Amino acid sequence: RVSLAEDRGAAPDPATVLQAFVNDFPAFCALLKVTPLQIGGADAQRPRIPMALTWLQRAYCAARTSRDIILKPRRVYITTLEVAYDLWWFLTVRGARVVIVCQTTDDHGVRDEIAEMVRTLLESLREYIPIVLDVENSQKLAWHAQDARLRIVEAGASVDTARTRGRGTTVNRLHATELAAWRYGNETLTVLLNSMPQDTRYGSVTIESTPRGAAGPYFDKWVAAVEGKGNYTAHFFPWYRHGDYRAALEHGEIITPANAEEQQLAVLGVEPEAIKWRRQQVVDQGYDTIAQEYPNDPTSCFLLSGRCFFDAKLCQSQ
């Protein structure tokens, strides 16, 4: 925690206080609060809770490089972690040029959700540090004293807008969320990456997404990273490493693997409670959806997700 006790009547300078976190992002996260997705409805006054990093989030923080690509399941809070990192970069790096890019939607819902996340994190931080920004709205933050800017933008909705998205600007922290869902991913990402420092020792890029078929810019960059080509480090987090994905067993209930996939999960040490949870999700949402949203491994998920010519589950059983 940061002490804001006045020293000789003078409140601490926010930039000076934030310097304590320049090399300690997890400590910065300890000051933040988040709104859990599972608490309350759309119109409820949802409580905020401390941002206690999960095992999965800490594992990524420890493995982070300057150029990362992440393959993830749904709702393991990687996007939340990276938005916190975006805010940390904006507040602690003098001359920060942060751009968060999400998929385009007709109602701008994804962009607005990320903007709300930034607002929530910033408000919680102000409980400890009196940060006053020069520009603060749903799409942009600016702190003139630190020459820092943060923008939230949507990927291009057409080829023309994609090719001009971010052109003529400088970026030193790029967060591309759900790249696999971008309409014109290649065009948008190319322009943005050309705005980054070309020396990979400088700046930061995080690309994070769930899989959506074995094609497109996200798939291509993932495969290149796995093969050791290019500048990106690949990070895969299977769904069963996230503690929330469990279903309680009834008294005396025994879970026996029912197919090749479940047998493989059991060999990997996946608990019966997790296998039961996955069975329930397959019944509720369908196998193809679960294969895409909650991947078991970093290879088959691409072949079992997105638009396929053949029945994925049938092919897997052969």
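Trainee: How far apart are the end C-alpha atoms of helix α5 (residues 109–125), and what span should the helix have?

Mentor: The end C-alpha atoms of α5 are 24 Å apart, and this agrees with the 24 Å that its 17 residues should span at 1.5 Å a residue. The expected span is 1.5 Å times one less than the number of residues. This is a predicted model, in which local features need pLDDT of at least 70 and side-chain atom pairs count only at pLDDT 80 or more, while totals for chains, interfaces and linings use all residues. Residues are numbered from 1 along each chain as its sequence is written, and side-chain values use heavy atoms, with hydrogens and water left out.

Trainee: How many helices and strands does the protein chain have?

Mentor: The chain has 13 helices and ten strands. Helices (H or I, at least four residues) and strands (E, at least two) are DSSP runs, numbered from the N terminus.

Trainee: Which residues of α5 are buried?

Mentor: The buried residues of α5 are Arg-111, Ile-114, Ala-115, Met-117, Val-118, Thr-120, Leu-121, Leu-122, Ser-124 and Leu-125. Buried means under 20% relative accessible area, exposed means over 50%, and partly exposed lies in between (1.4 Å probe, protein chains only). Across the protein chain, buried residues make up 46% of the 318 residues.

Trainee: What does α4 meet in α5, and at which residues?

Mentor: Thr-79, Thr-80, Val-83, Ala-84, Leu-87 and Leu-91 of α4 meet Ile-114, Met-117, Val-118, Leu-121, Leu-122 and Leu-125 of α5. Contact here means heavy atoms within 4.5 Å.

Trainee: At what angle do the axes of α4 and α5 cross?

Mentor: The axes of α4 (residues 78–92) and α5 come within 10 Å and cross at roughly 60°. Axes are lines fitted to C-alpha atoms, for helices over the stretch in contact, and angles run from 0 to 180 degrees between N-to-C directions. The two helices are therefore oblique to each other. Angles under 35 degrees count as roughly parallel, over 145 as roughly antiparallel, 65 to 115 as roughly perpendicular, and the rest as oblique.

Trainee: Is the crossing of α4 and α5 left-handed or right-handed?

Mentor: α4 passes α5 in a right-handed crossing. A crossing is right-handed if the near helix is turned clockwise from the far one by less than a right angle, and left-handed if anticlockwise.

Trainee: And what about α3 and α4: at what angle do their axes cross?

Mentor: The axes of α3 (residues 55–63) and α4 cross at roughly 50° and come within 10 Å. That makes α3 oblique to α4. Their crossing is right-handed. Leu-56, Gln-57, Tyr-60 and Cys-61 of α3 meet Ile-78, Leu-81 and Glu-82 of α4.

Trainee: Since Cys-61 came up, which cysteine sulfur is closest to its own?

Mentor: The closest is the sulfur of Cys-29, at 6.0 Å, which is too far for a bond. A search of the whole structure finds zero disulfides, a disulfide being a pair of cysteine sulfur atoms within 2.5 Å.

Trainee: New topic. Where is Tyr-245, and is it buried or exposed?

Mentor: Tyr-245 is in the loop between β10 and α9. At 7% relative accessibility, Tyr-245 counts as buried. Beyond its neighbours within four places in sequence, Tyr-245 contacts Arg-74, Arg-75, Val-76, Trp-239, Ala-274, Trp-277 and Tyr-294.

Trainee: Finally, how are α9 and α10 arranged?

Mentor: The axes of α9 and α10 (residues 272–285) come within 10 Å and cross at roughly 155°. That makes α9 roughly antiparallel to α10. The contact is made by Glu-261, Glu-262, Leu-265 and Ala-266 of α9 and Ile-275, Arg-278 and Arg-279 of α10.
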